[in-house]
Structures are given as structure tokens and as C-alpha cells.
Amino acid sequence: MTADETRVDGGGDAVWMREALSAGATARRVAAPNPWVGAVLVTGDGRVFRGATEAPGGRHAEVVALDAARAAGAPTAGATLFVTLEPCTHHGRTPPCTGALVAAGIARVVVAVEDPDPRVSGRGFGALRAAGVDVTVGVSRAKAEDLLAPYLAHRRTGRPMVTLKLAATLDGRTAAADGSSRWITGPEARADVHRLRAEHDAVLVGAGTVRRDDPELTVRHVAGPDPLRVVLGRAPAGARVHPAVELSGDLDDVLRELAARGVVGLLVEGGATVAHAFHQAGLVDRYVLYLAPAFMGGSDGTPLFSGPGAARIDDLSRNQLLSVRRLGDDLRIDLAGARAPALVP
């Protein structure tokens, strides 16, 4: 992202962190599997420079903002930097950001959340404080945790953040008795699913869904990159999902294999059997349910989950409601999953 320059009169930490979060959000589809970080540099003469992490191998957000300030001839000594994630202190594809900040004479660094990557994890703060930089941590933490949730899950658990996408009628049916399911929801909801795909590094379905529906699993209705396509089992040779990664075995092993491939956010779009497997294993971080104002009107359609459920009412999976949005005639309901609490320390 190219940083921009704006003259300002000042503002509180939360105000500047909100701008840093907005900058970081623009890098979600660019920076992964690296964290999509945003930064705002406020110089002593009241100028502001924004930056976001570039594609892997490119500059981190802090350096983008610093470079923009230098290009504008603005003084960096004594400036304050607001950044959504702890600055790195190790040599990767680029030099450590802590060194760049110290060399630039930054006086204060305000950070939203610590980086759980063991190569960073407090070392960034330590390096800055050792150099005499004032460090504040935790400003807008919850918002940063939400923005960076896939990255944080990947670093904390060794698995991608898993979003389970479901679409159903009001009576909880995902397909008719003959197996047909196109289209339960309307065009607005279907476009939103494509946005959801573009926001994830990979999309996973079962081989049964491939044989039955022959999906492409690409991003077509919105602008954005196609995710890595993953099939549980073997897809037929001529299936439109190819080229795809074909995996099988224990789901935890599958997730760790995908994490090793750089997948930090996984969208599961499988049928009722795959949905049940992830749900019952407690591997879902977030549920996204699209509800159409329609009824199948019987018990012979396909349910949301195929397999044994709660034996007693006390065993129900009760999930935190995150948001409800109307998309045309349909509703999108977001729920926190079983693993979601682990994302917030």
C-alpha cells in the first residue's frame, strides 16, 4: 500500500489506532500469510503518514509509513507510531521493524496487540524499551484481535482459523430430497459468499460435494483473489475444482498440513457430513449461516448437519451471536465457534 500524508491537529490514541486498523484491513488480501498490519505515524510537526503491510517479501506497515514521511521531508525523530501488531525484531525476508523505528528516532510506539509468533512474542517490545522508546500496549485490542483473528489463530494453535459457511431454509434444510440445492439463497447472499472466499486463503469441501455439485469454488461475483481449493478425499479427474489440494485423514492433521502451506484462514463449504465433522470436533472458530425466507416443509430434505447431535438439551452447542445482516431477502448470521474464546488471551 502506498502511504499517504495528511495534516492534522492531534487526537487520542484510540482515534489514531482506528486509522491504523483501517489501513491494516486494506492489506488482508495482499499480505497473507503474513499479518495484515496497519500503521499511522504522527510526526512532531503534526503530519500523519499511513502504511499497510505489502505482499510477502515487501515492506511492513511501519516501514511504509516511515518511508512516506522521509519522502515528504517530515521529521521522524520524536514521532509517535500507532501500529496494530507488535513490531518484529527478527530478520526474515526484511530487516526487523524495531531497528528501523529506533534508527528513525521514534519516541513512542502504541500497539494494539502482542504478536504470538515465538520469534516476536514480547521481544519487539523489549527491543524498543531497551532503546528508550516509550511503549503502550493494548489500545483497541479487541478490534485488532478481530481484524487479525486468522493470523493470531494460526500462530497460537498451529492451525488456520476455520469459518464454517452454511446456507439453509428457515426450517434448517440445505437441499431438497432429490439432492438439489441451487439456489436456496438469492444473488446478494451468493455474492457475499464470494466475498467470504476472497477473504480466506483456502476453501474446503468434501469429495461428495464435488461429485454432486461440481463447484468451481472461485471468486467470480466480486473482485478478489481465488482461494486455494481443498478437497477432503479424491475429486473426479474432470471436476471443475481442479487444480485442488486433496487431503484425507484426521481433521486436526488436515488443518496442520494446511497451516504448514501458509493457510491462516480456511473457509469450509462442505456438505452436511463435512459440516458435522468439523462441528462435532470443535474445530470451528466462526459460523456464517445464510438463511433464506423459505421452508422445505418436510423432514426428507438434507439438514445442516448429518450425524449424531446433542443427546440432551443440556448438551446443545450455544454460541455467541456476533452479527445479523440482511442481504436482499436473506439473512447472514455470524456466530462465534467453539475455539473462538481461545483467540482472545
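The model is predicted, so local features need pLDDT of at least 70, side-chain atom pairs count only at pLDDT 80 or more, and totals for chains, interfaces and linings use all residues. Residues are numbered from 1 along each chain as its sequence is written, and side-chain values use heavy atoms, with hydrogens and water left out.

**Exercise 1.** Locate Pro243 and state which peptide bond joins His242 to it.

Step 1. Pro243 lies in the loop between strand E10 (228-232) and strand E11 (245-247). Helices (H or I, at least four residues) and strands (E, at least two) are DSSP runs, numbered from the N terminus.

Step 2. The bond between His242 and Pro243 is cis, with omega about 0°.

**Exercise 2.** Do the corresponding task for Ala32 and Pro33.

Step 1. The loop between helix H2 (28-31) and strand E2 (38-42) holds Pro33.

Step 2. From Ala32 to Pro33 the peptide bond is cis, and omega is near 10°.

**Exercise 3.** What is the phi of Ser121, and where is this residue found?

Step 1. Ser121 is not a glycine, yet its phi is positive, about 30°.

Step 2. Its place is the loop between strand E5 (108-113) and helix H5 (123-130).

Step 3. Ser121 has 43% relative accessibility and therefore counts as partly exposed. That class lies between buried (under 20% relative accessible area) and exposed (over 50%), with a 1.4 Å probe and protein chains only.

**Exercise 4.** Classify Asp214 by phi and by accessibility.

Step 1. Although Asp214 is not a glycine, it has a positive phi of about 50°.

Step 2. Asp214 sits in the loop between helix H9 (207-213) and E10.

Step 3. A relative accessible area of 27% makes Asp214 partly exposed.
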